[in-house]
Structure formats: C-alpha cells, structure tokens
Amino acid sequence: MVEERRASDIIANSIIWLVTLLLVCLCVLPFVAVIAKSLSSAEAVRTNQVNLWPIGINLDNYGFLMREKAFLGAFGVSVARVTVGVTLNLAVIALTAYPLSQDHLHIPGRTIFKVVLVFGMLFQGGLIPTYLAYKSLGLLNHFAVLVLPVALNIFFAILIINFFRGIPKELSESALMDGANHFQILFRIFLPLSLPSLATVGLFAAVTHWNSWFDGIIFLRFEEQWPLQSYLYNQVTMRRLEGTLMSSQFHGKTDPSFLKDATPEALAAAMIMIGSIPIMLVYPFVQRYFVRGLTLGAVKG
Amino acid sequence: MAVRSSVPETAPAAAALSEAYEERKPPFRTVWRQHWMIYAMLAPAAVLLILFHLYPLWGLSIAFVKYSAFKGVMGSPFVGLDNFRRFFEGPDAFNIIRNTLGIALGKIILGQAAGLAFALTINEIRHTLFKRVAQTTTTLPHFLSWVLIGGVMVEILNRSGIVNRGIEALGYTSISFLGDPGIFPYTMILLETWKEFGWGAVIYLAALAGINPETYEAAAVDGAGRWARLRHVSIPGITPIIALLACLSLGYVLNAGFEQILVFINPIVFSTGDILDTYVYRVGLLTGEFSLGTAVGMFRSVVGFVLVWLSYWLADRYANYRIF
C-alpha cells in the first residue's frame, strides 16, 4: 500500500483511531462498571458511589458465591451440559456430514433426507407443540432435554458437509478400492483432515450450550437442575422484575451478619462476571477459529 | 512396463463402464450391500430429525381445536380457525405485529449499517495490534448470552446507573431506557446493534481482505485519495457480500430477538415491547392458553418459513449463494 504522509492523511488517521477507540470503550466499559461493582464494598455499592473503579476492594461477593450451593450446582450443570452436549453435537455432525458430502455415490433416499434436513432447520413447530412433544417423550425435568433435542445442529452440520465436499473424492474412492469401509474412511481420512473445522464448530457449539437458558427454565421444573444461565435469569432478571433482588433466596442459608454486609446488586454483578468469565478468558485465544467459522461454509465443491 | 502401458487403454474403458453403471441405477439390494454403512451413519440424525423436528409438528393441530389437557388433542372440540381469528380480531394483534416488524426492521437496518461502517473504518487501520485488540473487544459481546448482557445493561442503564448519572452530571434529566414505552423499542434496537456490530463487521472484513492489494496501489498511483479508494475500490469490492446479506436479512423480518426482549420486557412496556415470540410464551405457556399460543406460534412459523425460503431464493438468484 502506498503511504501518504500528508496533513489530511494524518487527520484522517487520527479520526479513524479515535472512532475505533471510542467503540472499543463502548464495548468494554459496561463490563468494567460491573466488575467494579462486584469488587466494591457493600457500603460503596449501597450509596451508589462506584463508577468504573472499585471502592473498598474486596472479594466478599465472590467468596459468598463460592459457598452458595445452588450457584455452584448450576455451574456444574453448565459444565456437564457443555461437555456432553458438544460431544454429542460433534459425533452426530461427523456421522451426518460424511454421507451427505459423498455426492458421487449413488444413495437412494438421500435427496429426501436433505430436503427434510433443511426443512427441519427452517421450520419449527413453535414453543407449545415442542413443549408437548418433549413432554410425551418423557424428556421434561430430565438433564437429557438440554442436550438431546439439540444434538443434531443442522446449521453446523451443513457447514461441515460443505467442508467435506472440498476433500477430493479420489481419496475416498481409492480407499474404497483398497477395501476400506465408509467408517474407516470417515475416521482415518476425513476426520484427521477436518480437525480444525470440527474444532471451530465444537467451539461454536460450546458457546451455544454455555449460553442457552430458555430451554432450562421451561423444560426443567426444579431449580437445582438448571444450568448457570437459567439460574442467572432467575436470580438476576426475574428478581429485578419482582423488585426483591435475591433477598428471599439467600435468606437463612448463610451467616446473617455477612448478609447484612452484602448488597443484592453487588452479588448480581459478581454472578454476571462468573457467568461471563469462561468466555472472556477463552475467547481472545480462539477468536481466529470463530472468524474462520464464518467462511467455513463458503468452500464450494 | 506392461502394466504401465495398459493404463491409458483401460482408463477410458473404466470411465465408460462406470458411466453405464451409474445410468443403469443398480437395484437397492446392491446399493445396500455396498453402502449400508452410509445408512447406518445417517441413522442417528434420522432419529433426531423425526423425534425433535417432525414429531412436534403434530402438535400444530392444537391450533385448530379448543385444547384441554385432560381430553388431549383428539378429544378436544374442533374449532377450525377460531383461535387465529381470536388473535387477529383481539386487541393485542396490531401492537404485537407492529412491534415485531418495527424492532426487527430497525435491528436489520441499523445492524447492517453499523457492521459495514465499522468494517470500513477498522480496515483503514494499519497498526496490527490495535486492529486485533479492537476486533477482539468489539466481537466479544456477540458471544455472551442476553441474560448476562441484560444483567450488565440493567446495572448501567437504570435510573441510578452510570449512564444516567453521566446524563445528570451534564445537566439533563435522566432517561428511563427500559421503563418508558416510547423509548423501549429503540433501546432494544440500540442494544442489539451494540452487541452485534463487531461480529457483523467480521464478514465484511473477510471480504475486504479478499480485495487484491494491487487494485488499491493502482488507484493510488492514479491519484485516488483515501475517500476515492474507499468509494471506488473497497465498496465495489464488497458489494456482492452486501447484496447477499441484504437478501438473507429478509429472513429475519419476523425475528425481533426473543431472548433479548424476554430479558428486558416488563409490564410497563408491553404496549411497545411485546413481540410475537414473547406473546406466545406468556399467553400460551405461562397462562396456559395452549390453543391460542399454538395458533400465534404457527402463524409466526409459517410466515417466517416463507420469508427465509424467499430470502434463500433471492440469495441464490442475485448473490449466487446456496446453503448446500
């Protein structure tokens, strides 16, 4: 690129940097405000002094949550959900993508399958038919409802189908000639070649599972079965609406003298941070995979 | 040597043979013997499709009966389109459809514009580290759930929050971003744009990175300044992707953002904040009007399906894009 060192160019550069910096602040500062609140003393939070820097720094709110069984339980459910859910997602995606990518093979019924697949992605029965279907399948109030219905992620499957299509058909054809079966071709040739793509899809699936909360609150009746995000919806969102932020939930379970020092607002802030931290910590290192995920499906065979 | 020389002779013959073989379409028995594993691989997805995508469609029949949980669908009296009529002739329909379309369109237009503008801005930055930091921080909100974002935003947007303290410090009266029916939809549009503009820019940036640098150099040699290069190289270079996203956005016209609205909505702002999805959830599931909820949900599913299908058709026709 030709560099011009003219006055107008320097001004333009400054404006571009300034605008970008402003947008970066706009994205970061809300979280800074919440972190500050979660780390501040109860007194400072109650009198609304905290802005972007904690006042009277302490870890009491986090310490309180680390002793709160319901919170830890919800965290555990989320971890279990991500682990089981992503494993299932990837297994089903790999198994589904291979047959649908081998266009050169004559497989009767495959076109119908594809049509149903795309239809299933684009048309949902809606909330109530879905609820009644899960109920009649005996999935309600069971951990499986968080991972089984979403085990086949059609959108991700299509991404991987398109990626598999980019693998030369000569590879699988020659393997077939040499006596390999389709499972061997999938596991020994396709999976090793597509590890980065599968990792990308796995990361997206992990984020999706970690962030899901609506399925928890409607399909699981008992709060101790809820993943963290559903728990947070109940604790942070619902209690704000009821205007009784957490007061009843935490009362009686802990040392009353401590509760006197905690404010619901600061506790909510700490909860929000713990819910965000796994993603905030991992995201910068895996960002390039996510960005690649956007162009994954663009490979045309 | 003999083996080698036989290759060119048999290759065309083999090709012709396989062509004839494909034309003949072998009986299913042969296909099964050769490729039964293909069907085995598809079995899990087939089961999941049937159980979780096709089987629930049976429940749509609830929309056409006066459903009672005790009698079941078959035992409940058939009422035809009464449930649809009840919704469309009821007092809520107009507001809800207007809110859904208004919020969704606002998000589409502002969101696309913001993503594009940000991509063009950040594309001008040569400093790699700053560019990367800016991209990481602005895309991060996309990966956090609305529950978390909701918690953060309520903290800073409420009456005593940091934003309103800033507004008051400047001498203005505080704004009720989430509790004023006149402001609520705009807050939703702005928050969605805030959450997604960084991620929205990524796809444009990928397209911008695909423009041949020589084009910029040639333009610069011809005396094109920064604006001229932006207008005559960058923007034309990403026009196909702009067209594609414009086509696909048609599919989002009924998608006002269920999870977001559900996190922020409260009874004070129902008149301007209630959308089809939250209505189905509240009336259908929470108050137990299953038939009405199913009818409204079905209306949304069917129209939404047609819109998405249409958007794919447009994308195929005008932007050369296919999902398969």
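Start inside chain A: between domain 1 of chain A and domain 2 of chain A, the count is one salt bridge. Keep in mind that this is a predicted model. To see the two parts, colour residues 1-58 of chain A as domain 1 and residues 59-301 as domain 2.

Now select A:Lys37 and A:Glu265. These two form a salt bridge, with the closest N and O atoms 2.8 Å apart. Next, show what surrounds the domain boundary: 11 residues of domain 1 of chain A are in contact with 15 residues of domain 2 of chain A. Together the two domains bury about 1,000 Å², and carbon and sulfur atoms give 63% of that.

Stay on A:Lys37 and bring up B:Glu155. A:Lys37 forms a salt bridge with B:Glu155 too, the closest N and O atoms being 3.0 Å apart. Across the interface of chain B and chain A, the rule finds two salt bridges.

Zoom out to take in both chains. Here 93 residues of chain B are in contact with 103 residues of chain A. The buried area comes to about 9,000 Å², with 77% from carbon and sulfur atoms. Pick out B:Met41, B:Phe143 and B:Phe324: they supply 9% of the area that chain B buries against chain A, more than any other three residues.

Last stop: select residues 182-193 (helix H10) and 195-211 (helix H11) of chain A. Their axes come within 5 Å and cross at roughly 70°, so H10(A) and H11(A) are roughly perpendicular to each other. Show side chains for A:Leu191, A:Pro192 and A:Leu193 on H10(A), and A:Leu195, A:Pro196 and A:Leu198 on H11(A), which make the contact. By class, that's six nonpolar residues, no polar and no charged.

Terms used
Residues are numbered from 1 along each chain as its sequence is written. Chains are lettered from A and ligands numbered from 1 in the order in which they are written. This is a predicted model: local features need pLDDT of at least 70, side-chain atom pairs count only at pLDDT 80 or more; totals for chains, interfaces and linings use all residues. Side-chain values use heavy atoms; hydrogens and water are left out. Axes are lines fitted to C-alpha atoms, for helices over the stretch in contact, and angles run from 0 to 180 degrees between N-to-C directions. Helices (H or I, at least four residues) and strands (E, at least two) are DSSP runs, numbered from the N terminus. Angles under 35 degrees count as roughly parallel, over 145 as roughly antiparallel, 65 to 115 as roughly perpendicular and the rest as oblique. Contact means heavy atoms within 4.5 Å. Ala, Val, Leu, Ile, Met, Phe, Trp, Tyr, Cys and Pro count as nonpolar, Asp, Glu, Lys and Arg as charged, and the others, Gly among them, as polar. Domain bounds come from an automatic or database domain assignment. Buried area is the accessible area (1.4 Å probe) that two parts lose on being put together, summed over both. A salt bridge is a side-chain nitrogen of Lys or Arg within 4 Å of a carboxyl oxygen of Asp or Glu.
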